[in-house]
Structures are given as C-alpha cells and as structure tokens.
Amino acid sequence: MPDRPPARVRGAVDLLAPALVERPHARVLEVGCGVGHGLALLCALLPDGHVTGLDRSSSALAHAERRLARPLDEGRADLQHRDLTAFRPDRPYDAVLAVDVNAFWTDQAGPAAPAVRDLLAPGGVVLLAFSSPAGAPDERSADAVAAAAEALLRTGLDVTTGTGDAIGWVRGVRTRSAPGRTAAARR
Ligand SMILES: C[S@@+](CC[C@H](N)C(=O)[O-])C[C@H]1O[C@@H](n2cnc3c(N)ncnc32)[C@H](O)[C@@H]1O
C-alpha cells in the first residue's frame, strides 16, 4: 500500500489545517475517506484530537483500517461504514473534510450539503476539495467548486472558494448565529 498521500489530499488537509490550529482537541470528520490518506494526515495534525473516517465502501475502509491501525488502537480515530446521509453521530464535528466526493457537485439540491451542515458544531468548518485528472485545477474542478459552493450556500453556511496546486476548493463555516436546518435547506 503506497503511503505517500496524493497531492489532492495533502492540499486539502493543508487548507483545513489553519482552522484547527487553535483547536488541539478538535473532532474532525472525513466524508468519503477512501483508503485513509487524509485521515492519517489529520491524525498527525491532531495528536490530542479525534478523527472519524466515513465511507460507504467496505473495501476502502479495510485499507483505511490498516493505515490507521495505531490511532484506531489508541482511540484517537474511528471508522464508520455508512452513507453520509445515514450518519447520526452523538456529537457534532468541529471540522469536516471531503476530497473528490461527487455527491456535493452532481446533485446540488441533494441531501449531501444539508447533511454536512447538520454535522457541524456552531463555528465549525467544512472543506470540500475537487481535483482534476490533469493534476491542476481545470474546468471540471471549477464546475465542481461552483456547484458545491451553491449547495453549501443553500444550507446557510458562509462560503468561500479558491484553487490550490492540485485542487479547487470550497470552505463553508457554520456561523454561531446560523439557524438549524430550515425547510428550504431540506428540499
Ligand atoms: C473518489 S473517492 C475519494 C477518496 C479520498 N477522499 C481520496 O481523495 O483519495 C470517493 C470516496 O467517497 C465515498 N463516497 C461517495 N459518496 C459517499 C457517500 N454519500 N457517503 C459515504 N461515502 C461516500 C466513496 O465510497 C469513495 O471511497
């Protein structure tokens, strides 16, 4: 199993990192964690925090389980074999990461964005990143960013977008004053 994380994953974690600097005990969720590269980086970033990996693919999670053996053993990480829309944790998360999870851009009005908003604690941050086959942001990743930004905006998050070396990205913040799920956001 190659251990070097792909550039898209490193770029996304680097973008999320500043939001975690003052939250050493943060609870972070990676949606669509795949084989666990992002989870490993997040665990290294947050030795006193907790990292959850969520994926609907059992084979991907089997790889993640091997990669995360130590933090899982230490209780600093857990893996959830679920679809995002069926995930009901006991507590909300301080940050959510998703890299190349197409539910956020193929179905703008679908359940993925409201589900993520509901998983965030007040003040929590979500970072969605989209790579392109070319390895640098292109029209495809720009389209994904635009669609995902629109989806997060509809849920009432404060949204910013940008591009990095290997990705286009969308950041959403659940402001402390933001209302809970609204009828509009549920549609
Ligand atoms: C293209 S892979 C990206 C994996 C990893 N983030 C990366 O960049 O290496 C997308 C992953 O998201 C998972 N996924 C897609 N939609 C999902 C959903 N609704 N709930 C949970 N996992 C999902 C897939 O099973 C897959 O492992």
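Which residues of the largest nonpolar core touch the most other members? They are Ala12, Val96, Phe104 and Ala148, out of 58 residues in that core. A nonpolar core here is a set of buried Ala, Val, Leu, Ile, Met, Phe, Trp, Tyr and Cys residues joined through C-beta atoms within 7 Å. This is a predicted model: local features need pLDDT of at least 70, side-chain atom pairs count only at pLDDT 80 or more, and totals for chains, interfaces and linings use all residues. Residues are numbered from 1 along each chain as its sequence is written.

**Core**

- Val96 touches Leu29, Val31, Val116, Leu119, Leu120 and Val126, leaving aside residues up to four places away in sequence. (Contact means C-beta atoms, placed from the backbone, within 7 Å.)
- Helices (H or I, at least four residues) and strands (E, at least two) are DSSP runs, numbered from the N terminus.

- The 7 strands form an open sheet in the order 3-2-1-4-5-7-6, with mixed pairing. (Two strands pair if DSSP finds at least two bridges between them.)
- Strand 3 (77-81) and strand 6 (158-163) are the edge strands; each has a single partner strand, so one side of each lacks a neighbour in the sheet.
- On average, neighbouring strands of this sheet are turned by 15° against each other, direction ignored. (Axes are lines fitted to C-alpha atoms, for helices over the stretch in contact; angles run from 0 to 180 degrees between N-to-C directions.)
- Strand 1 (residues 27-31) pairs with strand 4 (residues 93-99) in the parallel sense, over 4 bridges.
- In strand 4, Leu97 is the residue opposite Glu30.
- Strand 5 and strand 7 run antiparallel and are joined by 7 bridges. Ser131 faces Ile167 in strand 7.
- Strand 6 and strand 7 also run antiparallel, joined by 6 bridges. Thr163 stands opposite Gly168 in strand 7.
- A hairpin of 3 residues links strand 6 to strand 7.
- Strand 7 is mostly covered, with 6 of its 7 residues buried. (Buried means 20 or more other C-beta atoms within 10 Å of the residue's own, exposed means 12 or fewer, and partly exposed lies in between; C-beta atoms are placed from the backbone.)

- Helix 6 is largely enclosed by the rest of the structure, because 7 of its 8 residues are buried. Among them are Pro114, Val116 and Arg117.
- Helix 7 (residues 139-154) lies across strand 5, strand 6 and strand 7 (167-173). It runs at about 10° to strand 7.
- Glu150 sits in helix 7. Glu150 counts as partly exposed because it has 15 C-beta neighbours inside 10 Å.
- Glu150 and Cys33 lie 117 residues apart in sequence and 23 Å apart in space, C-alpha to C-alpha.

**Ligand shell**

- Of the 19 residues around the ligand, Gly32, Gly34, Ser57, Leu84 and Val99 come nearest. (A residue is near a molecule or strand if its C-beta atom, placed from the backbone, lies within 6 Å of it.)
- Helix 1 (7-20), helix 2 (37-45) and strand 2 (50-55) are the elements that give two or more residues to this shell.
- The shell divides into 9 nonpolar, 5 polar and 5 charged residues. (Ala, Val, Leu, Ile, Met, Phe, Trp, Tyr, Cys and Pro count as nonpolar, Asp, Glu, Lys and Arg as charged, and the others, Gly among them, as polar.)

Definitions and conventions
Contact = placed C-beta atoms within 7 Å.
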